[in-house]
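The points are grouped by topic below.

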Amino acid sequence: DENTDSVRLLNGSSLCSGRLQVKSNQKWSSVCEADFDLQDAEVVCREFSCGPPSVLQGALYGEVEAPVCSKEFQCEGHESALLDCRSSGSARNSCSPGKAVGLTCSEPVRLVRGASRCAGTLEFNHQGNWRPVSGFGWTLKKAAAFCQHLGCGSVVFVGQRVNSLLGDNVNINPDCVHSGPALKECATLGFSIYNLDLKCSDSVRLLNGSSLCSGRLQVKSNQKWSSVCEADFDLQDAEVVCRELGCGPPSVLQGALYGEVEAPVWSKEFQCEGHESALLDCRSSGSARKSCSPGKAVGLTCSESHVRLMGGASRCAGTLEVKHLEEWRLVHGSDWTLKEAAVVCEHLGCGSAVYVGEREEFPYRFVWEIKPDCVHFQSGQIECAKSTVLSSILDLTCSDPPDPTGFIIRAVILPLILLLENVVLYFYCKASRGRKLGRRENIELVDRNLGVGAAEGGLAEEEGVQGAEENL
């Protein structure tokens, strides 16, 4: 049980959970829910050097065993100890059954200097001080426990970063974390220049799967995880989820593959177009669904991916990363040409290789060193990657995959447009020819009329001359 001078947690499942008791006049007393709120819980969790409170509910850790005698706490949230908070009201002599405060604080870990609260360098609160966690020995599977402790989704990336500022680290045994005890029981103070970098998905996770890329899909909304109904999810949605989790394309999409729904289902229908980087970036429509028929919760299996490009303008450009021994790392590759890079582009379903080059990035970090003659991804494994510490990493740009819409336009729509233009031109020419023939006939008719008129005029003129001669 966790214990300070004046506050303790009893009967909990870890050092950061249990029924709350407060010491007053040398006696320990439980606290009623009516006298305790979330701000008070934040202070208690901080007092135990744990993370923020995740559950605050009565009767979670047994009934009240001792008389309750406490005033209502009125913490502002910044205090370092519960008894530093103001309190008011008269003392309570008893608490209704099931109403004693049961508190679960999250584990004392956080991610800093990342793009979101679910990505960055992992730090652990050791005796009130936040210190980076040593990066040795971590794989995706073992680091997944941290994502769970942080309230994030599935683990996406784990790597090592060389810390240029030398100082104390916290050593956490990966095998200890994976076996289930509280993190505080697995942590010791140590020294290392290699810090653990971690990225979890913000709002999507796969549960009960046979690998990190399979399981029952859950989506986080309003701080709650909910399963998703098959009727609200299709293959384009699955493509987005697999990409968000750093996996390959979806291979199986079927309900009840990974257990029944354990939490209420509450989601709208997702309407992804397939290019989005996260599921919650997709449009959604329809009314919220309160439940899902048995066996209809989305079970998803994505294919395993061992190669990806990160940080570029599209999924076909960026810094090359390779997964080897369950660990994603940047790649150091000297003497790579467009020929070797083309193998990567083909594996990613992109177009041809356009650019490949090395770039210096500091500080130094662990990378995979891969020789050009070792670039074979048909088996899905990278057997000849060698671990090393360097600052030179490989950038790669492939042309984007052919746009199917553009293909349809070129193959179908353009020929139809050309055909329509030819038909219009044909009828236009025909109509124009008819108008030309009509004008020609009119001209000939006018010419004939003019000729007749001229002849008649000439005859009249001759007759007039003859008459004049006879009169003379």
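A search of the whole structure, which is a predicted model, finds 10 disulfides.

**Disulfide Cys 213–Cys 247**
- The sulfur atoms of Cys 213 and Cys 247 are 2.1 Å apart in this disulfide, and the link is left-handed, with -90° about the S-S bond.
- Cys 213 sits in the loop between β16 (204-208) and β17 (214-221), and Cys 247 in the loop between α4 and β19 (250-255), so the pair ties together parts that are 34 residues apart in sequence.
- Cys 213 has 5% relative accessibility and therefore counts as buried; Cys 247, at 11%, also counts as buried.

**Disulfide Cys 242–Cys 302**
- The link of Cys 242 and Cys 302 is left-handed, at -80° about the S-S bond.
- Because Cys 242 belongs to helix α4 and Cys 302 to strand β22 (residues 298-302), the pair ties together parts that are 60 residues apart in sequence.
- Cys 242 and Cys 302 are both buried.

**Disulfide Cys 316–Cys 350**
- Cys 316 is joined to Cys 350 by a disulfide with an S to S distance of 2.1 Å.
- The torsion about the S-S bond of Cys 316 and Cys 350 is about -90°, so this disulfide is left-handed.
- The pair links distant parts of the chain, 34 residues apart: Cys 316 is in the loop between β23 (307-311) and β24, and Cys 350 is in the loop between α5 (338-347) and β26 (353-369).
- Cys 316 and Cys 350 are buried.

**Helix α4**
- At the start of α4, a side-chain oxygen of Asp 234 comes to within 3.2 Å of the backbone nitrogen of Gln 236.
- Just after α4, Gly 246 has a positive phi of about 75°.

**Thr 319**
- The side chain of Thr 319 makes a polar contact of 2.8 Å with the side chain of Arg 359 and another of 3.0 Å with that of Asp 395.
- Leaving aside neighbours within four places in sequence, the residues in contact with Thr 319 include Arg 308, Leu 309, Met 310, Leu 330, Ile 393 and Leu 394.

Definitions and conventions
Residues are numbered from 1 along each chain as its sequence is written. This is a predicted model: local features need pLDDT of at least 70, side-chain atom pairs count only at pLDDT 80 or more; totals for chains, interfaces and linings use all residues. Side-chain values use heavy atoms; hydrogens and water are left out. A polar contact is a pair of N or O atoms within 3.5 Å; within protein, one must be able to donate a hydrogen and the other to accept it, and residues adjacent in sequence count only if both atoms are side-chain atoms. Contact means heavy atoms within 4.5 Å. Helices (H or I, at least four residues) and strands (E, at least two) are DSSP runs, numbered from the N terminus. A disulfide is a pair of cysteine sulfur atoms within 2.5 Å. Buried means under 20% relative accessible area, exposed over 50%, partly exposed in between (1.4 Å probe, protein chains only).
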